[in-house]
Amino acid sequence: MLKLYESGVYLLNGREIVTDAQEAAQRAGHPVNDAVKGTIAYGILEAHNKSGDMNHLQMRFDSLTSHDITYVGIIQTARSSGMKQFPMPYVLTNCHNSLCAVGGTINEDDHMFALSAAHKYGGIYVPTNMAVIHSFNREMMAGCGRMILGSDSHTRYGALGTISVGEGGGELAKQLVGRTYDVARPGVILIYLDGEPRPGVGPQDVALQICGAVYANGYVKNKVMEFVGPGVSKLPMEYRNGIDVMTTETTCWSSIWETDSATEEYLAVHGRPEAFKKMAPADVAYYDGCVYVDLSTVECTIALPMHPSNTITIRELLENPKDILFECQEKANRQIVGAKLDLVSKVHDGGVWVQQGLVAGCSGGTFDNVCAVADILRGHSTGNGEFTMSVYPGSMPAYLQLLKNGTLADIAAAGAIIRECFCGPCFGAGDTPANDELSIRHTTRNFPNREGSKPGEGQMSGVALMDARSIAATAINHGKLTPATDLDVKYSKYDYTFDRSVYDKRVYFGFGKADPDYALKFGPNIKDWPEQPALTEDLLVKVCSYITDPVTTTDELIPSGETSSYRSNPERLSEFALSRKDPEYVGRSKAVRQIERDRVAGKGLTDEVKKVYEALAKVVKVDPEKTDIGSTIFAIKPGDGSAREQAASCQRVLGASANIAKEYATKRYRSNCINWGMAPLLVKDEKAFALGDWVFVPGIRKAVLEGTPEFTAYAVKADGTVTPFAVSLGDLTPDERQIIADGCLINYYRNHPVD
């Protein structure tokens, strides 16, 4: 059973849920006015807050982490903003661009840049395929009461008592130059775990059921998910980690768990016993909502394309596969441009058949998951037909232990392939399925094209998310979809020994050892960020993409996969912006950018822009000398998914000055827009303008700096019709207002250096 409470709740003694404040006070024997301070999250946030005001947090983190499609841009931003050394431990992993499709030296050039930066600024460099980013941070950096900021959306170490936040690179750059992470104190949602999972039900099953319950209704959006309850103690640590990493897919801000002897043992095994402390809610704690989960009722679950929240139990799917898969494929095809998804054809010969199974990365490649896969595959065969299976352990220490206990041998003997520590299957840079295939994966996401296909070029495959156990069960049936609970398997308990020497022999631990004279090593693809203009008094933008999907993911704003190789080259990467969602966007934006470049160069305005100003002059005061010309996109709800700042920066490089939305899917995408100097405009009436229209926003600089709640913009159509409509910016901190006004974060640092 999974239940969402309709109101806030009080938790008494960490176990009893009470919905009424008066009843909670009566049972507690004292007033409960300050119960909001009783959550685990509140205490950690308070310890890291520098503002003195718990409603408006200004936080410094204990450590930072990035991988090789984000760290170059972050370091380039920070060094151009005056950074001399890393002020806290900064982990630079190489787990994303290690097997990218693009050839040449540019991927390894990025890695050598990072190694040189670790020497120069005092960082921690994790070589290629040594560990995926989150596995390393769990093993080496997380600890009770700590906070970690990462430039990857799945930065989640809550099960180890660490509030971890995935953000765009700009937020890490702020930490590197001594600034704070500013945010209104988030609400906290109680995730109350009760019962114990049945054999064959894994962490992905639990995570997907939670995601399916809370994503669409925004129940935990931008909040902290706090896991408490008697069910926590029934879960091994890697099981908790597997659930925790998937909280990102709910759109929550972060997560935290109560800690116990299992947490203590995990940290001790990893050589860091001092990182443990008992963490639990106070005797009375108030939560803004509650999700009650009876673990004993959780079934093997599948998230069908194209979102982790598109969940159904495998049992329910197999009872009515044709209708369910038809509905899924038709919904998916409405949001795909180009080739179409075919799921119904997977139903034949008495079952649903898939062509690929993957267990990988920070969610799937944990020690416990891989061992469970081995228990199921042992003595069986994955077959010599279409179905293939690959397993990617999360770190080399785990890999070594899996070698020692023989589980990798069992997996290989069954016909599955053992891969390196690599995040590629999660974002389309490894094991891309063939056209028209369906892949089942224990990874984090199954967004459109996340597996690497290109519908615009006639390529289309699909991904469904499942737990490693059910993927292995499907494998021994040669691709026939099978829940692990259908099998009679004895799951072994494997001892785990963490061998840190694997890291000591290869990882460069340079924190506190900065060498200012060490030269950064640049490859030919590593380019500086182009200069960006400050916000002018007025703004004129052309709508170069108009997206009406309910949600637009960051993968649709800037595709993953092979484009990752160009993330150190802003101009070249920008060529891929919206390429799989709106292939004409780049050309439209470049045309507008050229109009502005010609204006700045004194070449005058185009006839099109002159007509726009003539139409506007009839209804509002215009001053072309005080008005920048840029582009914009409109989307109903942009920014779900990845933290990658390039979803915003690529638009900015192409000349964008704003985003227009009904709402923003995540804080991190909105922050990326702000940090790249694009006003995050909100509208209630998106029908006031359309693709190709111009939008004039008079007085926008003043509105931004003064925090004007709502102001008027004007849409201009090709026939000269002018339509006024209301716009707003939502809540902005003083620094965010100034960043937008200055044109981007780099300009802001240049204009307002730290004392």
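A residue is counted as buried when its relative accessible area is under 20%, as exposed when this value is over 50%, and as partly exposed in between, with a 1.4 Å probe and protein chains only. At 5% relative accessibility, T366 is therefore classed as buried. The structure is a predicted model, in which local features require pLDDT of at least 70 and side-chain atom pairs count only at pLDDT 80 or more, whereas totals for chains, interfaces and linings use all residues. Residues are numbered from 1 along each chain as its sequence is written, and side-chain values use heavy atoms, with hydrogens and water left out.

T366 lies in the loop between α12 (361–364) and α13 (367–377). Helices (H or I, at least four residues) and strands (E, at least two) are DSSP runs numbered from the N terminus. With neighbours within four places in sequence set aside, T366 is in contact (heavy atoms within 4.5 Å) with R138, E238 and G361.

An open sheet of five strands shows mixed pairing and the order β1-β15-β11-β12-β13. Its edge strands, each of which pairs on one side only, are β1 (2–4) and β13 (254–257). From one strand to the next, the twist averages 15 degrees. Pairing of two strands requires that DSSP find at least two bridges between them.

Within this sheet, strand β11 (residues 188–194) is mostly covered, six of its seven residues being buried. Strand β11 pairs in the parallel sense with strand β15 (residues 289–294) over six bridges, and I191 has V291 of β15 as its bridge partner.

Axes are lines fitted to C-alpha atoms, for helices over the stretch in contact, and angles run from 0 to 180 degrees between N-to-C directions. Helix α7 (residues 203–214) forms a right-handed β-α-β unit together with β11 and β12. A crossover is right-handed if the path from the first strand over the helix to the second runs clockwise, with the strands pointing away from the viewer.

A further open sheet, of three strands, has the order β3-β2-β14 and antiparallel pairing. Its edge strands are β3 (16–18) and β14 (284–287), each pairing on one side only. Direction ignored, neighbouring strands of this sheet are turned by 25 degrees against each other on average. Strand β2 (residues 9–12) and β14 run antiparallel and are joined by four bridges, with V284 of β14 as the bridge partner of L12.

Helix α6 (residues 169–176) packs against helix α24 (residues 667–675) at an angle of about 65 degrees, the axes being 8 Å apart. Helix α6 is therefore roughly perpendicular to α24, a term covering angles of 65 to 115 degrees, while those under 35 count as roughly parallel, those over 145 as roughly antiparallel and the rest as oblique. In this contact, G169, G170, E171 and K174 of α6 meet S671, N672 and N675 of α24. The contact residues comprise no nonpolar, five polar and two charged; Ala, Val, Leu, Ile, Met, Phe, Trp, Tyr, Cys and Pro count as nonpolar, Asp, Glu, Lys and Arg as charged, and the others, Gly among them, as polar.
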